[in-house]
Amino acid sequence: MFAALKKKYDEMSQVAKAALWFTICGFLQRGISVLTTPIFTRLLDTAEYGQYNVFSSWMEIVTILATLRLGYGVYVQGLVKYSDDQEKYSSSLLSLTFVWWGSFLAIYLIFRDFWNKILGLSTFVVVCMFVMVLTTATFTFWAAKQRNDFKYKSLVALTIIVSLVKPVLGIFLVVNTENYKTEARIFAQTLVELVIYSALFVLILAKGRTFFHKGYWKYALAFNLPLVPHYLAQVVLNHSDKIMIQKMVGLSEAGVYGLSYNIAMIMTILNTSILNTLRPWIFQKIKAKEETKIQPVGMGALFLVAIFNLCLIIFTPEVVTIFAPSSYKDAVDLMVPITMSVFFVFIYNMLVDIELYYEKTKITMVVSIICAIVNIALNYVCIPKFGYVVAGYTTLFSYFLMACIHYLANKIILKKYSKNRPIYKLGPILIISVVFVLCGTGICFIYDNLIARIAVFIAFSLVLWCNKNRIFVILKPSYRDK
């Protein structure tokens with residue numbers, strides 16, 4: 001069997017091998033973090049774990065403000081646009097990121113007492129945050145270039161090293177620290193990234209030897225600045241719950257919520273993998289005016305995501321027990337709505353891809369901002385009245401609302417570009433969504449009966465087995481048109 005698999009692997013093209021290993025890299029980065037969660041939830045109490053989750057939430061916001069996410073879409077697009085000058089383009093954009101980041105660091109240091117009060121973090125932790133923002137941005141540039149050149153070996157090697165060293169050093173420092181366990185974990189991550197990613201910073205600048213390039217800087221800023229509200233709105237929608245729970249209830253409750261959110265987000269690994277596999281094919285079908293071929297494949301993918309999310313809901317009590325001690329038991333109540341949220345995140349991402357194809361980024365930005373505001377407003381009103389557990393349901397409603405608005409936006413866009421032909425029909429989406437929500441809710445009533453839940457799991461497994469050919473079509477591009 002191993003020989004057969006090796007033969008198939010050897011026969012794969014360089015591009016196919018690269019795609020495979022880039023997917024594995026994504027699983028490694030998220031997977032190792034997930035696997036070490038049970039260790040850290042036992043080394044940190046709920047308040048310390050809550051502080052770490054609040055730190056992570058603020059870091060995502062600071063990353064957008066202090067780097068503009070220049071290492072993502074605009075950089076990848078520029079590598080194609082300026083294909084004959086990639087090294088100069090890379091070093092120029094990294095330099096722009098460094099200057100932009102440095103200005104934000106200076107503003108923080110001058111008014112650090114003011115910002116520390118708002119963030120609820122110490123100067124040491126915020127400085128670590130800023131260091132990680134820059135080092136992570138550097139890795140993002142380097143990794144994007146590796147993907148563009150299909151050089152997967154060095155990316156895989158570095159990903160494995162960093163993904164393993166971070167938690168190992170973090171565990172060592174936390175165990176050997178008495179009063180500053182959260183700080184120890186954050187410092188471990190900062191130290192690893194600083195040591196390893198600094199070399200990448202020097203490498204990119206040495207290859208390009210270009211600090212300032214007016215044309216590249218102007219192009220990057222003009223492309224990304226309008227997207228900042230969209231990026232921020234997405235982060236706010238993803239993380240405002242934890243920050244608001246910390247401010248309105250306490251760090252311990254933020255820790256419990258953070259755990260349930262982190263476990264549920266395991267499903268985003270599946271979501272991202274499926275979306276990354278489908279996206280190029282979907283764009284090709286739209287370009288070729290073959291939109292009708294997208295519907296069955298897209299609905300098959302949505303069906304697959306629904307089943308896997310339901311499987312996680314089935315074993316939520318056991319999963320929470322594995323991931324954390326009894327002090328986190330309230331996470332069971334939060335897992336169901338947050339896991340359901342992941343399902344609706346998949347729907348809205350499918351729809352957003354259509355908007356991005358037709359370059360309707362303003363619509364994407366406006367929808368994100370509206371739903372982020374709705375989420376914050378609901379949390380502000382509901383958390384004091386119903387407790388922090390309600391944040392899971394406000395998140396679910398916000399993502400459901402986002403999916404609905406994006407569907408309406410798709411109808412408006414396709415009316416102009418596709419003669420009013422819907423790429424995704426509303427009927428199948430509604431049927432799958434309603435059945436998913438009903439099944440997920442129903443499973444909650446049998447949490448005390450493990451045998452019944454196992455029976456439901458077996459039933460779902462049989463459904464997957466009976467639809468294995470359909471699933472194979474989703475995962476295998478060359479079979480989608482057959």
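Analyst: First, a bit of bookkeeping: Ala, Val, Leu, Ile, Met, Phe, Trp, Tyr, Cys and Pro count as nonpolar here, Asp, Glu, Lys and Arg as charged, and the others, Gly among them, as polar. With that sorting, the lining of the second largest pocket comes out as 13 nonpolar, no polar and no charged residues. Bear in mind that this is a predicted model.

The second largest pocket holds about 240 Å³ of space. It is lined by 13 residues, and the ones closest to its centre are Val62, Leu65, Phe104, Trp115 and Phe130. H3 gives the most, with five.

Now for the helix packing, starting with H8 and H9. Helix H8 (residues 152-175) and helix H9 (residues 181-208) have axes that come within 8 Å and cross at roughly 150°. Angles over 145 degrees count as roughly antiparallel, so that is what H8 is to H9. The crossing is right-handed. On the H8 side, the contact residues include Leu158, Ile161, Val162, Val165 and Leu169, while H9 brings, among others, Ala184, Phe187, Ala188, Leu191 and Ile196. Lys166 of H8 and Lys181, Arg185 and Glu193 of H9 also take part. Sorted by class, the contact of H8 with H9 has 15 nonpolar, two polar and four charged residues.

Further along, helix H12 (residues 251-264) packs on helix H16 (residues 331-357) at an angle of about 40°, with the axes 8 Å apart. That makes H12 oblique to H16, and this crossing is right-handed too. H12 makes the contact with Val256, Tyr257, Leu259, Ser260, Tyr261, Ile263 and Ala264, and H16 with Ala331, Leu334, Met335, Ile338, Thr339 and Val342. By class, that gives 11 nonpolar, two polar and no charged residues.

Last up are helix H14 (residues 294-314) and helix H15 (residues 316-323), whose axes come within 5 Å and cross at roughly 70°. The two are therefore roughly perpendicular to each other. Here Leu312, Ile313 and Ile314 in H14 meet Thr316, Pro317, Glu318 and Val319 in H15. This contact divides into five nonpolar residues, one polar and one charged.

Methods: Residues are numbered from 1 along each chain as its sequence is written. This is a predicted model: local features need pLDDT of at least 70, side-chain atom pairs count only at pLDDT 80 or more; totals for chains, interfaces and linings use all residues. Side-chain values use heavy atoms; hydrogens and water are left out. Axes are lines fitted to C-alpha atoms, for helices over the stretch in contact, and angles run from 0 to 180 degrees between N-to-C directions. Helices (H or I, at least four residues) and strands (E, at least two) are DSSP runs, numbered from the N terminus. Angles under 35 degrees count as roughly parallel, over 145 as roughly antiparallel, 65 to 115 as roughly perpendicular and the rest as oblique. A crossing is left-handed if the near helix is turned anticlockwise from the far one by less than a right angle, and right-handed if clockwise. Contact means heavy atoms within 4.5 Å. On a 1 Å grid over the protein atoms alone, a cavity is a set of points where a 1.4 Å probe fits but cannot get out, and a pocket is an open set with protein on both sides within 12 Å along at least five of seven lines; lining residues have an atom within 4 Å of a point. Grid points are joined across faces, edges and corners, and a volume is the space filled by probe spheres set on the points.
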